[in-house]
Structures are given as C-alpha cells and as structure tokens.
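Subject: Structure handover and notes

Hello,

Below is the structure I promised to pass on. My notes on what was found in it follow.

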Amino acid sequence: MLLLPPGVLVLMLMQQDIYMVANSLDAGYTLNLELDVCNCSSYGDSSVVNRGVDDVTSVGSSILSSNCNEESGTSHSISSAAQKTYIPLNVPDVSKPTINQCFQRLDQGFIFYKEYGRLGGFDVRKGTEKRGESGIVSIKHYTCSKEGCNDFRSTLDSNLSKVKRRRTASTWCCCKVKIVLKLNRDREYFVFKFDEVHNHPLVDESGRQFLRSSRQMTISSRNFVFDAAKVNIGCSKAYGLMKEMVGGVEFFYYAYELDETGHLTKLFWADAICRRNFEVYGDAVSFDATFDTNKYNMIFAPFTGVDKHEKCVTFAACLLAKEDVTHYKWVFDQFSTCMKRHPVVIITDQCPAMKIALGNRLCKETNFMKKMKKYIWSNHLDIAEFEQGWQAVMQEFNLENNKWLSDMHAIRSSWIPAFFRDEPMLGSMRTTSRSESKNLFFAQFHKQADSLCEFWLRFQSAMQRQRNETERRDEESKSSFPNTLSTWFIEDDAADLFTRTVFYKVQEEILAACLDMQIKRMSEEVEGITNFEIKDVKVKEKIFKVPVSKEHAVCSCKKFVMCGIVCRYSFCGMKHIGVTRFPKSLILNRWSKIADCGSSCDMISADYFKMEKGSLKLMNIWFDFRQVLNKAGVQMEVLEFVHQTVKDLSTKVGNSLDGASFSKKDHMAALIGEQPQGELTVLVPNISKNKGNYFKSGRLISEREKAITKANKRIRRCKECLATTHDSRTCPKKKELQK
C-alpha cells in the first residue's frame, strides 16, 4: 500500500514498475438539506471541541423521514405534530380497495390486496381470523408486514461482551394499516374496514423489486429457467438473462487516445451514477490493474471506493495498452477532469516484482511478521512510537542493512498509517484489497477472448448487478430496525441514522464504552468542556485523552477522523456527562442511510432521468405481461386468447407509427448506444504485451512433448536434506534437530 499526504501527485518508478499515488486537499462534501446533519464535521475535527452547534435534538426518525423518500411520487407524507404518516399515491383506482367491495373467495381478496401493496410500496401478510360455528372463516384481517411491535432489548450485563449474539433486525414498527374482509349473507367476502395510513416510509417504484410480493417466480419465469437449463445455462445466469431483456442506457463521460496509426491505446469512462457516487464516497479511492479481460490484452483498471454499506463501489474505469508513466498520468488527469476535483487519497499497491524475499525461515519460523504488523498497522501509534518500534525490530533481527526494508522505510510517510492519522477516512481503506475484490467480481463477467464491444456489454451487466445489490441493501436498512443491546438512547439514534453495517460497528463502540473503559481522570467542566483520561482494559499501556462537550467529542485515538465512526472513548466521556442523543457534529453523512440524497444532480442530465424512467416503464410492462401469463397458466384456450390479443395490439402499435421504420442502425443504437457520425477513425487496439498478460497457444501438445517438458522441469528439493519426497516444513531431519 502506498499513500501520500494531501496536495501531492507523485509518479514513482521503482525497478521499472510504475506506482502512482495521487492526493489532494480538495476535499469535502456536506449534505445540504433542511437538516444540519454534516455541516459541522465532514471529516472530523482533531482540535476543536465546542463548535457552536445548536442544541442537540433528536436526530433519529426526523432525519430519515426527510424529503429524500417523499419526492419519489410513490409515497406521500402528511405532517403532524407527533409523527409523519404515509399514504400510497399513484395507485390506479381499479387496484385500490374500497368499502363494500366484494370477492367470491378469501384468496381472491388477499391477491388483490397484495397487488395493491406492491403498487403502493409495502408488503402485506395474513393476520387474525374468526370462524363461525360451521368452521367457515367469517372475518379475516390482512395487515401491513410492519404491523406489530418489537420490544426486544438485551439486558446489558458484565457477560454481554463475551457472548456472541446473532445480529437480527426487525421490520415491525406498529403500523396500523390493514384490510378486514367479512362474510355476508350471499357467502361473499366484502371489505368491512380499510386503513391506508402508514407510519413508515413506503418503497418507491425502483425499490418494488425487493418487496416479497415481487420476488416470487411466475410460471413464465420458471418456464424460462427450465428452457435455459436445456442448453446448460444455470438458474442464476438464466435469471440474469431475463433481467437483461429489460435494460437501460446511461450517459457517460469518456475520453480516449490513439497511437500514430489510429489504434486505440487509452480509454477512460464514468457514467452519471459513478460520478454521483464519487461526489458522496470519493474521500478514499483504490486503484489496481487487472489483466486478461479482453483479447487485446489491454489493462483493465477500475477506480474503487467504499459506499455507505462498507461495500465496494465503482467510480470509473479505464483500459490501457501499457503500464508506464504516460498512460497512468493520462488516466489520473482524466479522472480529475471528470470528477472536477482530485480524490482525497488514492491507494495503490506495489507490483509483485517489488517483493524481495526476506527468507522463509525469518517470516514463518519467527515472530518477525507479528512484531512488524504491530507497528505497521496499528491505529493507536503516533510517528515517534512507530519509529521506535521499527528500529527495535530491525535491530532484533539484524535487518539494518536490508536494502528493501531500508527503501520502504525511506518512503514510510507514503504508506505507514501513523503518518496519516489526521487524514480523513483513511482508516476505511488502507490496502488495495478493495480493488482486488472488485477485480475478482469483474472477472465473473469478462473473458480473455472478449472484443471491446463484448467487454463493454459485460461491464454494463456487472455495474447493474453492483447497483442492484446497493439498492437491495438500501431497502433493508430503511425497512428494518436492528436490535439494540443497551438502554442508552444514543444507540437508538444510531440505529435510525446509520446503515445496518455501520450501525453494528457503532454498536460495538457503545457496548465497549459501557463495559471496557476505566476513567483515570476527569477534569472540572470549563466553558462546557470536560477533559477525560480513559484507559481501555483491552489496550495495554495506553491512555486516551478525550475532551467532551454536549455537542462534540475529540479523542486522541482519532478514529472519527480516520474512519468517520465515533470511538468508544468518546462514547464513554459523553455517557458520563449525561449526553442522551447523538450529537449532530459526530454524524458523518457518508455513513447515513440518506447519504446520497443530498448529492448534486448537475452531472445527471434530464435525458438520463427520462431514459431511466423509460427503463422502469419497460420493467413494469414486462412484469404485468408475466402476470397475465401467470394467470393463464397452461390453459390452451386462455393462452390462445392472450396470443391473439398481443397480435392485435402489435398491429395497432404498428399502425400508430405512421410508416416510421426502425432500421438496423436504430436497433444497434438502442442496444449499445448512439453510433458515431461521419467517418470512423478509431481502429481496434493492437495486441499489448504487459507483465500481467499471458498468451495461450491453440496448438495441441503431444504426449511426447509433454513428457519432455516434464523432464526438463526443475525438481523441488527439501532445503534441509535435499530429499525430493518432502519439503523443509515436514523434514524429519529438521524435526529431530528441534527436539
């Protein structure tokens, strides 16, 4: 991992390998809504405690019920003094229950109400019922899936931290929405009561796919998967193929360069959603190249960050013909131009060619690595403590003259966390493991034989899956409430504010503040500030200094600066001065459930929203058509009627076009984007030769040639006794000497 302080752009050429690290002081983004969530500390403040924040108020449900969810058009809030309520909008009258509406059977009423819930943005479930003397159901309740109350709260005791508990979340919030069907004298069920006012936000149109009512496979879906299995396409890929049948087109920023013969050598792109994500989550960026994704052997390198769920998110991507200074500098320039600012920190990795062996025995048979990691990766060490620990390890293992370690120590300010304790959000991404994970993700879609067009289409599919997973996590965080384990109201606020993944981290800090802290010194309050010296029973020989006020807290561990999460020492101090609500200044926007609601929409054009709306319309049409087929089942008469209706509709649509034709060019533009106008001057890339690529020969190798190759292969021997039947780890001679 290589890091660099703000304001610097460095190109390092080490043993003919290029490492690029970019950084900038140009940071900062806040959530500019009616609520003052993040204006006080975008990244945390390591020196100021009393920041003049208004009196701390409840920042729980009031924040999450902001206009972010209400402007979707699917739900509508009615403001009241006590609580906001929500009524489904844009539901056709024919799909909305009415008093005295009749159904011949109970299941018909349930199916009707479930479809109303899907269109309105909520799930339904079966409730209580009453039966008559004959055993027939006379009254039946169907309720919102959030009906009921969750009163579970674990008792905070001394053994709580030692017991592993399953992390569960509840969707219940005492919603009173329901429909009651009652049996009349004609043996029909009529709507006796209908409550439609919810006490929770409703799912918008794009989130309907995550409702339980939308996750059931219809008859047509099962038929499609069954037919795909006949040609060796698995269930997952078959369902993905169905999704591709109703896709969308998104606008992109792109740039490219050609060589002197007109062949493509550099290509960079980022769509509107990528750029919006960078605006919100672009405080730390990981950049790492991967290979074998296309038949031209061009390097594929995505820019990766961490979103509000602590999952990988892609900001941009590039294809490069070479790994050299010119190509990398061009990419970073295009990235800065596209995003209109430099990232705060870019993390890249050293090439494997740079790794110099220190000896197997040194790394595996001593505690060298354990001691090195203690000083390299610790978040609690300052620069002086790191320097002292590094020198002690070098002297203990006689490594003062090791060239590679000396070179790494010379650039320690670029990669040791102790030098970056004041850099915002560095703790969320300290290695390129994020990039490596994302490269593995893209590898599921790409093949070495892909052309550029095939590469592009598969990249789009990968991005759609990534964004679909993000939307699913958004809905999970908004629609459920995790179990709290303490009686402190701050934990309830945290559950309201943060995504589920981040909340669990905050919860760990809160529990540790209650169980593992020892206050060594507490000063008198001066101008609203109380100074604490706190010891953690799990961290030896370390005292943490924490100035705390009602509105803010600063800790010498600097966890909030590095990770954006309030540390246990700050929570301990706040608890002792009686803070009961989460201070606004300690709420980092990027971890909140509504993190991306305040981002700028300038980069997303009206055409993009129009095409996104068109994509949703196509998805809804496809869903409705599948519902028709599902109702038809396998009844030939009904299927024939549906078929004839579709043909009649096709004729009417064709006649309404007034003779307008849909050419092959128009079709290709709809599939892969607009075609270039005029003469095409960009030629396909030449085959690149990079150290990460390998070339496969299609020639069949004979058994004789295989035997010759095997005979020439170097024989591996034990380093202790030179035997070929084992290695040094299992050497009998070595074990005897150790006895």
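Lys266 is buried, with a relative accessible area of 7%. This is a predicted model, and every value in these notes is computed from it. The side chain of Lys266 meets that of Glu257 in a salt bridge, at 2.9 Å from N to O. Glu257 counts as partly exposed, because its relative accessibility is 33%.

Other salt bridges

How many salt bridges does the count come to? The count is 28.

Asp596 and Lys308 meet through their side chains in a salt bridge of 3.5 Å, N to O. This pair links distant parts of the chain, 288 residues apart. Asp596 is in the loop between α17 (568-576) and α18 (606-632), while Lys308 is in the loop between β14 (299-306) and β15 (312-320). Lys308 has a relative accessibility of 2%, so Lys308 counts as buried.

Arg521 and Glu533 also form a salt bridge with their side chains, again given as N to O, at 3.5 Å. Here the link runs from strand β18 (residues 517-522), which holds Arg521, to strand β19 (residues 530-536), which holds Glu533, and the two residues are 12 apart. Are these two side chains buried, exposed or partly exposed? Arg521 is partly exposed at 40% relative accessible area, and Glu533 is partly exposed at 22%.

The network consists of Glu469, Arg472, Arg473 and Glu476, which are linked by salt bridges.

Cysteines

A search of the whole structure finds 1 disulfide. Cys149 and Cys174 are the residues it joins, with an S to S distance of 1.8 Å. The angle about the S-S bond is 135°, and the link of Cys149 and Cys174 is right-handed. Cys149 sits in the loop between β7 and β8 (169-170), and Cys174 in the loop between β8 and β9, 25 residues apart from Cys149. Cys149 is partly exposed, with a relative accessible area of 41%, and Cys174 is partly exposed as well, at 27%.

Cys175 counts as buried, at 1% relative accessibility. Cys338 is in no disulfide either, and the nearest cysteine sulfur, that of Cys274, is 8.5 Å away. Cys338 is buried, with a relative accessible area of 2%.

Strands

The open sheet has 5 strands in the order β5-β10-β9-β7-β6, with antiparallel pairing. Which strands stand at its edges? They are β5 (102-103) and β6 (124-131), each with a single partner strand, so one side of each is left without a neighbour in the sheet. Strand β7 (residues 137-144) and strand β9 (residues 178-183) run antiparallel and are joined by 5 bridges. Thr143 has Lys178, in β9, as its bridge partner.

Elsewhere, Val345 lies in strand β16 (residues 345-347). Val345 counts as buried, with 1% relative accessibility. The C-alpha atom of Val345 is separated by 6.6 Å from that of Asp283, although the two residues are 62 apart along the chain.

Helix α10

Helix α10 (residues 383-396) has 14 residues. From its first C-alpha to its last it reaches 20 Å, close to the 20 Å expected at 1.5 Å a residue. At the start of α10, a side-chain oxygen of Asp382 comes to within 3.3 Å of the backbone nitrogen of Ala384.

Which residues of α10 are buried? They are Phe386, Glu387, Gly389, Trp390, Val393 and Met394. An α-helix has 3.6 residues a turn, so residues three or four places apart point the same way. The buried residues of α10 pack against α9 (368-376) and α11 (403-410). Just after α10, Asn398 takes a positive phi of about 55°.

Regards

Note on methods: Residues are numbered from 1 along each chain as its sequence is written. This is a predicted model: local features need pLDDT of at least 70, side-chain atom pairs count only at pLDDT 80 or more; totals for chains, interfaces and linings use all residues. Side-chain values use heavy atoms; hydrogens and water are left out. Helices (H or I, at least four residues) and strands (E, at least two) are DSSP runs, numbered from the N terminus. The expected span of a helix is 1.5 Å times one less than its number of residues. Buried means under 20% relative accessible area, exposed over 50%, partly exposed in between (1.4 Å probe, protein chains only). Contact means heavy atoms within 4.5 Å. A polar contact is a pair of N or O atoms within 3.5 Å; within protein, one must be able to donate a hydrogen and the other to accept it, and residues adjacent in sequence count only if both atoms are side-chain atoms. A salt bridge is a side-chain nitrogen of Lys or Arg within 4 Å of a carboxyl oxygen of Asp or Glu. Two strands pair if DSSP finds at least two bridges between them. A disulfide is a pair of cysteine sulfur atoms within 2.5 Å.
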